[in-house]
Amino acid sequence: MYTVDVLTLFPDSVMATLGESIIKRAANKRLVEVKAHQIRAFTENKQNQVDDYPYGGGRGCVMQAQPLADCLKHAESQRVGKLRKIYLSPAGKPFTEADAKRLSAEYDGLILVCGHYEGVDQRFIDACIDEEISLGDFVLTGGEIAAMAVADAVLRLVPGVLSDSECYEDESHWDGLLEYPQYSRPEEWEGRCVPEVLLRGDHAEVARWRKKQQLLRTRDRRPDMFSALTLSEEEKKLLHEAERDFLRDSLKSSALCRPMREDDIPDVIMIAESAKELLKSSGIDQWQEGYPNEASFRADIERGEAFVLTVSGKVSAFFSLCSGPDAAYADITDGKWSDDLPYLALHRIAVSAEYRGCGLADLIISSAENLAKEKGIKRLRGDTHKKNKAMQRLLARNGFRYRGNVLIRAGEGHDPRRMAYEKRIKD
Ligand SMILES: C[S@@+](CC[C@H](N)C(=O)[O-])C[C@H]1O[C@@H](n2cnc3c(N)ncnc32)[C@H](O)[C@@H]1O
């Protein structure tokens, strides 16, 4: 049985809290025992006075050593096992979950001394106390609230007090992280919904989401805790994913589509050059012969077919939306277009390196779709290299279907074959 003895001038208020709820049930099962001792009962004067003026002057009174020491001896004499004697003090070491774990694992009981007034005579601390614990960097009128907090945090870790060790192992501070956000019924409250992932019943996905939230919260709210962590490779990956998820959500509302202007060309060329590098390093023989370039962008601007996406006013992606018919699309092989309705062809798409993987490419597609709708056009077409899996995935997840193969104009030594895709735009 784990024991807690609180030395206090207010035993009733201590027991009113520690004699309730989970701790009370644990006491009923004889897993723990909490006692509050009235310090005043150990005074040797008629007035039961526990405090006196401070030597050296100054305001207020100091709790005297004798009643405290005698009260402590009394509490200690009733206990067996390894006890830790703690004085709750704003000058102590700030209490953490690690202290709660240590105190519950290494001792059979605690004796918690609550000061009042200006504090307690230092000689009592020097003679009788093992450690001083602070509840935080603020000053309370008495040690009771701090003692109750320490006792509660330690007692809940005593085996059997909570139904399962998972109850505390998942919580804030157990492994240096803050807890993920929690939700309960109903699914929607005052227009606020429970995150979708928590409703799908995919436990692995829920665990990944929760870990991401823990990492983000700890990083943003408690940089001190975050810098003390050594992240595993998996955690680093999850944090990166979480940052991308966050960026993706914020981009949905902040990215704007507008026609490309002449003064965008330097930014557009920079994005295009970086995209060419990426294609080259991925072994994709696309955009490897100087195209697209300043001349092609200028031509697109002149025809009113070039667009950019901006994030906070900065050009972050571009695309061209060209009126058909496109000569290269006339001769489709290994399949056919769904019909002969007028279409717009999506060409020359790229996203700046800063925003890759954040959903800007999906916003390009939805922007192109909106532009097509404005013109009353119901088909979008596009093509990509067979090795350009990222583009194929982008098209597929945005409702495009593979329709066959086309040949584009390509320089000598470059592969002209492209996979052709089409999307039927719904009204
Ligand atoms: C008003 S305080 C005394 C403060 C003391 N004169 C000082 O400045 O450090 C009275 C008692 O409240 C308790 N107490 C106050 N703040 C506390 C904290 N942050 N953590 C733990 N105990 C605290 C201590 O037991 C203390 O003896």
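This is a predicted model: local features need pLDDT of at least 70, side-chain atom pairs count only at pLDDT 80 or more; totals for chains, interfaces and linings use all residues.
Start with the overall division. Take domains 2 and 3 together. Domain 2 puts 5 residues into the contact, and domain 3 puts in 7. On the domain 2 side, the residues touching domain 3 comprise 3 charged and 2 nonpolar, with no polar residue.

Now turn to the helix pairs. Two packed helices are described by the angle between their axes and the distance between the axes. Helix α1 spans residues 11-18 and helix α6 spans residues 144-155. Their axes come within 10 Å and cross at roughly 30°. Angles under 35 degrees count as roughly parallel, so α1 is roughly parallel to α6. The crossing of these two helices is right-handed. Which residues meet here? From α1 come S13, V14, T17 and L18; from α6 come E144, A147, M148 and A151. By class, this contact of α1 with α6 holds 5 nonpolar, 2 polar and 1 charged residues.

The next pair is α8 and α10. Helix α8 runs over residues 203-221, and helix α10 over residues 233-254. Here the packing angle is about 80°, and the axes are 9 Å apart. An angle from 65 to 115 degrees counts as roughly perpendicular, and α8 and α10 therefore stand roughly perpendicular to each other. On the α8 side, the residues in contact are R208, K211, K212, L215 and L216. They meet E235, L238, L239, E241 and A242 of α10. Sorted by class, the contact of α8 with α10 has 5 nonpolar and 5 charged residues, and no polar ones.

Last, the ligand. How many residues lie around it? There are 20, and P90, G115, L140, G143 and A146 come nearest. Which strand gives the most to this shell? That is β5, residues 83-94, with 4 residues. Class by class, the shell around the ligand has 10 nonpolar, 9 polar and 1 charged residues.

Then find the right-handed crossing of α1 and α6. Move on to the roughly perpendicular pair, α8 and α10. Finish at the ligand, with P90 and G115 among the nearest residues.

How values were computed: Residues are numbered from 1 along each chain as its sequence is written. Two residues are in contact if their C-beta atoms, placed from the backbone, lie within 7 Å. Ala, Val, Leu, Ile, Met, Phe, Trp, Tyr, Cys and Pro count as nonpolar, Asp, Glu, Lys and Arg as charged, and the others, Gly among them, as polar. Axes are lines fitted to C-alpha atoms, for helices over the stretch in contact, and angles run from 0 to 180 degrees between N-to-C directions. Angles under 35 degrees count as roughly parallel, over 145 as roughly antiparallel, 65 to 115 as roughly perpendicular and the rest as oblique. A crossing is left-handed if the near helix is turned anticlockwise from the far one by less than a right angle, and right-handed if clockwise. A residue is near a molecule or strand if its C-beta atom, placed from the backbone, lies within 6 Å of it.
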